[in-house]
Amino acid sequence: MPRPQKILAITGGVGGAKLALGLSKILNSEQLMFAVNVGDDFTHLGLHISPDIDSLTYALAEENNQELGWGRSGETWQFIDTLGSLGGEDWFRLGDKDMALHTRRSQLLGQGTSLTDATAELTRRMGIEHTVAPVSDDPIRTVVQSDRGELAFQHYFVRERCAPAVSGFYFDGMQNATLNPVITAWLADCDGIIICPSNPFVSVAPVIEVPGFLEATAHIPTIAVSPIVAGAAIKGPAAKMMQELNIPATAVAVAEHYQYHYPGLLDGFVIDVSDGESLDAIALPSVAIQSVMKSLEDRIALAERCLAFFEELTT
Ligand code: FO1
């Protein structure tokens, strides 16, 4: 199979955004677009927060906060600390610079601008050339089913620090959501899809389960990068979730999850070198490469290797 010329990269939060940055250094805005999860979005303090769009935006602008692992670099916390001192909700740590982004996005949405157009405006202002496309402009909200009942995603993730044991997930609004027309148009001549190393349950699922997505991408070669390396998630609760769902927390199980729930979706699977002995256990063309991204060079190298992997696929 030839190296693809036009890629759609599916990303969730911080882990996926690392590979996204690497891809953005190799492919220009006519060769690469991002389809981003909006299941983590919520309205908080009257503002529309889009955590995964924010994580990708800050990563692409190279303004992501490396110490925290989320949010914007060079952040200050006057607003949220003052709010807390006044008895307001401060469990969701909104930095001062970050607040400006949410305020501006919320203002644009309030004026009738779509999330797609608001994101285009904000990313352009931050010097990002690539299109960051919410998978849908319609509300899709991830609900976590847990031993503490049903929780909105940020309540599970941030407020409860992923402590509840999960038993399942659903995506409120999914059935009525329309795939972003910007993505539909891109897919018309897109010849490669990369699922970045994001959580398969709460980052990738709410993208690929948008009605029409799997049908529109069925003919497009698709590879996924495992977010599980050596039995642990690089970032976030994916491994913990797998254990609670009685799935082994392994890269092999991630591949099997995709194959079982979305038959025909994947044409290839990327695991880390440290899981190399598992290659034979994966019933897909697979490759074991250095996928833990610490530096910018690591991000670019993984992006290059993913693109080269398409050339090794025969289907
Ligand atoms: N993650 C945290 O762990 N704690 C926070 O207080 C927090 C605040 C926050 C504010 C804005 C934003 O866009 C993201 C924020 N995140 C925070 C990260 C985010 O909620 C998660 O990383 C994603 O939802 C998971 O993909």
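This is a predicted model: local features need pLDDT of at least 70, side-chain atom pairs count only at pLDDT 80 or more; totals for chains, interfaces and linings use all residues.
**Entry 1: the ligand and its shell**

I began with the residues around the ligand. I counted 16 of them, and the closest are D40, D52, D54, R93 and Q154. I then sorted this shell by class and found eight nonpolar, three polar and five charged residues.

Next I asked which helices each supply at least two residues of the shell. They are α2 (51-60), α4 (96-110) and α6 (153-159). The largest share, four residues, comes from α6.

I looked up distances from side chains to oxygen atoms of the ligand. For D40, a polar side-chain atom lies 2.8 Å from a ligand oxygen. For D52, an N or O atom of the side chain is 2.9 Å from an oxygen atom of the ligand. For W70, I noted a distance of 3.4 Å between a polar side-chain atom and a ligand oxygen. I also recorded how much of the ligand is covered: taken alone it exposes 540 Å², and the protein buries 90% of that.

**Entry 2: the largest pocket**

Which pocket does the ligand take up? The space it takes is the largest pocket. I noted a volume of about 890 Å³ for this pocket. Its lining has 44 residues, of which V14, S55, W70, F157 and K235 are the closest to the centre.

At least two lining residues come from each of α1 (14-24), α2, α4, α6 and α8 (200-208). By class, the lining of the largest pocket divides into 21 nonpolar, 14 polar and nine charged residues.

**Entry 3: the second largest pocket**

I recorded a volume of about 380 Å³ for the second largest pocket. Among its 21 lining residues, V14, K18, N64, Q66 and R299 are the closest to the centre. The helices α1, α2 and α12 (296-312) each supply at least two residues of the lining of the second largest pocket. I sorted that lining into nine nonpolar, seven polar and five charged residues.

**Entry 4: the cavity**

How many cavities of 30 Å³ or more does the structure hold? I found one. About 30 Å³ of space lies in the largest cavity. Its lining consists of I53, D54, T57, L101, R105, T119, L122 and T123. Two or more of these residues come from each of α2, α4 and α5 (115-125). The lining of this cavity has three nonpolar, three polar and two charged residues. I noted that D54, listed here, is also one of the closest residues to the ligand.

Methods:
Residues are numbered from 1 along each chain as its sequence is written. Side-chain values use heavy atoms; hydrogens and water are left out. A residue is near a molecule or strand if one of its heavy atoms lies within 4 Å of it. A polar contact is a pair of N or O atoms within 3.5 Å; within protein, one must be able to donate a hydrogen and the other to accept it, and residues adjacent in sequence count only if both atoms are side-chain atoms. Accessible areas come from the Shrake-Rupley method with a 1.4 Å probe; for residues, only the protein chains shown count as cover. On a 1 Å grid over the protein atoms alone, a cavity is a set of points where a 1.4 Å probe fits but cannot get out, and a pocket is an open set with protein on both sides within 12 Å along at least five of seven lines; lining residues have an atom within 4 Å of a point. A molecule sits in a cavity or pocket if more than half of its atoms lie within 2 Å of its grid points. Ala, Val, Leu, Ile, Met, Phe, Trp, Tyr, Cys and Pro count as nonpolar, Asp, Glu, Lys and Arg as charged, and the others, Gly among them, as polar. Grid points are joined across faces, edges and corners, and a volume is the space filled by probe spheres set on the points.
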